[in-house]
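Please read it alongside the sequence and the model.

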Amino acid sequence: MSSLVCVGGQWGDEGKGKIIDALSANSDVVVRFQGGNNAGHTLVVGGQKFVLHLIPSGILHAQNRCVIGNGVVIDPEVLLQEIELLKKRGFLKDASQLMLSPHAHVIMPFHKRLDVAREKASGTRKIGTTGRGIGPAYEDKVARRGIRLFEILDRRRITTRLTDGFAHAGVVREEELPGMIDAVYRYGEHLKPYVADTGEFVSDALESGRRVLFEGAQGAMLDVDHGTYPYVTSSNCVAGQACIGSGVGPRHIRNVLMVAKAYTTRVGEGPFPTELHDTAGDELRHKGGEFGATTGRPRRCGWLDLVQLRHAVRIHGATELAITKLDILAGFEKLRVCVGYEIDGQTRRSFPWDEEEVARVKPVYEEHPGFTELPATAKSLRDLPSEAQRYIEMIADQLKVPIGIVSIGPARGQEMILRELF
Ligand code: IMP
């Protein structure tokens, strides 16, 4: 049995897409298990940039079967666009490469409207959502009135679902319904060839010893239970969700690779203890290209936060770390790393449960010497300047988790795989 769950250790955008691309060169199956097209996984392959929102990043390696599990919410229009784009660029030649769970919930046009309208009306509790209808689709799922993918394959069922006891009549005009039913059914027809019993497929793959990579989206601090609630997304982003969102039991999961940037970023609202409002923050943003892959919004930037990461290691059960974008820190004279939180005069090392306390945190920093530009061809830690090596070793020591991968550039191959991960 060989499985690896790859998840984000911060507020998303840690560079998981690139890491998944590297690991999926040696995997057989890649599974998305939560979130939707709020995610944006950026990959640079052969000088070409790919941004994937729904289809697992493993699709760029032809031997992989890619699965969108039951825990994902699917916007069928966006998924079809992504399928077309990949086909145009020479990928996904064989339809059997992509499998969709019939139980994934569908993001309907009214979910997007509700998402945007609620944000407008939410005053100071604005979340800064991506406006893709993610929250309202998950709300309907939990309220037991969601529409699952297999239901849009049948015109009678969609019609019934959108007319009989339809919960969102207030945001959909009656005269819009026939057009909506038609559009959704057409999407369903195009997606039909990909719908299959993904839970059984993934379980069988694990039982027969194939290498299964679970691809998380967003990150620990956006998890609806363990993140900075209410400034979170509407799904569980922790590694445990890999089981629930794909239909396999926990005995199949052994290794959890937590991806973290060498510094911290966040998009949207909510507390962010190490956020920088100075030139160092601007430098990280511009050098790191820190603009949202989904919405284009500038990301908030700050120093690495070990209190936050320790929390993330615990909730994910991380067994290895991948540190990304180390190259972006090159050229800073001094690097600051948050080792404690001062709240109301008291210093603590655990992440507070009250978001108002998180907003009052004064970070306690430790300073580390900066390093010069990293050699683009580095293949092992020894090829890096000694200060960069020490920065990486410090993270592993502090978090008590070994480093599995260090990424030093956006292109394929600009990463060092330091341990066998499968
Ligand atoms: P939603 O997921 O669109 O409901 O947005 C909720 C919060 O999660 C907002 O702060 C978003 O900016 C954030 N978010 C959602 N998806 C991502 C992601 O893939 N990367 C980073 N932040 C995200």
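P230 is located in the loop between β9 (211-215) and α8, where helices (H or I, at least four residues) and strands (E, at least two) are DSSP runs, numbered from the N terminus. Y229 and P230 are joined by a cis peptide bond, with omega at about 5 degrees. The model is a predicted one: local features need pLDDT of at least 70, side-chain atom pairs count only at pLDDT 80 or more, and totals for chains, interfaces and linings use all residues. Residues are numbered from 1 along each chain as its sequence is written, and side-chain values use heavy atoms, with hydrogens and water left out.

**Other backbone and loop positions**

- D13 is not a glycine, yet its phi is positive, at about 60 degrees.
- D13 sits in the loop between β1 (2-8) and α1 (16-23). The residue has a relative accessible area of 22% and is partly exposed (buried means under 20% relative accessible area, exposed over 50%, partly exposed in between, with a 1.4 Å probe and protein chains only).
- K400, also not a glycine, has a positive phi of about 55 degrees.
- The loop between α12 (386-399) and β18 (403-407) holds K400, and K400 is exposed, with a relative accessible area of 72%.
- G90 belongs to the loop between α2 (76-88) and β7 (98-100) and is partly exposed at 37% relative accessibility.
- G90 and A22 are 68 residues apart along the chain, and their C-alpha atoms are separated by 19 Å.

**Salt bridges**

- Side chains of opposite charge can pair when their charged atoms come close.
- The count is 27 salt bridges, each being a side-chain nitrogen of Lys or Arg within 4 Å of a carboxyl oxygen of Asp or Glu.
- One of them pairs E176 with R113, the closest N and O atoms being 2.5 Å apart. This pair links distant parts of the chain, 63 residues apart: E176 is in the loop between α5 (155-161) and α6 (177-191), and R113 is in helix α3 (residues 109-120).
- E176 counts as buried at 17% relative accessibility, while R113 is partly exposed, with a relative accessible area of 34%.
- Another salt bridge is formed by R145 and D140, with the closest N and O atoms 2.6 Å apart. R145 is partly exposed, with a relative accessible area of 36%, whereas D140 is buried, with a relative accessible area of 3%.
- E207 and R251 also form a salt bridge, their closest N and O atoms being 2.5 Å apart. E207 is in helix α7 (residues 198-207) and R251 in the loop between α8 (241-244) and β10 (255-261), so the pair ties together parts 44 residues apart in sequence.
- E207 is partly exposed, with a relative accessible area of 47%, and R251 is exposed, with a relative accessible area of 58%.
- A network of salt bridges links D13, K261, E290, R299 and K325. Within it, D13 is the residue described above with a positive phi of about 60 degrees.

**Cysteines**

- The count of disulfides is zero, a disulfide being a pair of cysteine sulfur atoms within 2.5 Å.
- C237 is in no disulfide, and the nearest cysteine sulfur, that of C6, is 13 Å away. C237 is buried, at 1% relative accessibility.
- C338 is likewise in no disulfide; the nearest cysteine sulfur belongs to C301 and is 16 Å away. C338 is buried, at 0% relative accessibility.

**Packing of α3 and α4**

- Two packed helices are described by the angle between their axes and the distance between the axes.
- α3 packs with helix α4 (residues 134-142) at an angle of about 115 degrees, and their axes are 7 Å apart. Axes are lines fitted to C-alpha atoms, for helices over the stretch in contact, and angles run from 0 to 180 degrees between N-to-C directions.
- α3 and α4 are therefore roughly perpendicular to each other (angles under 35 degrees count as roughly parallel, over 145 as roughly antiparallel, 65 to 115 as roughly perpendicular and the rest as oblique).
- On the α3 side the contact is made by F110, H111, L114, D115 and R118, and on the α4 side by I134, P136, A137, E139 and D140, contact meaning heavy atoms within 4.5 Å.
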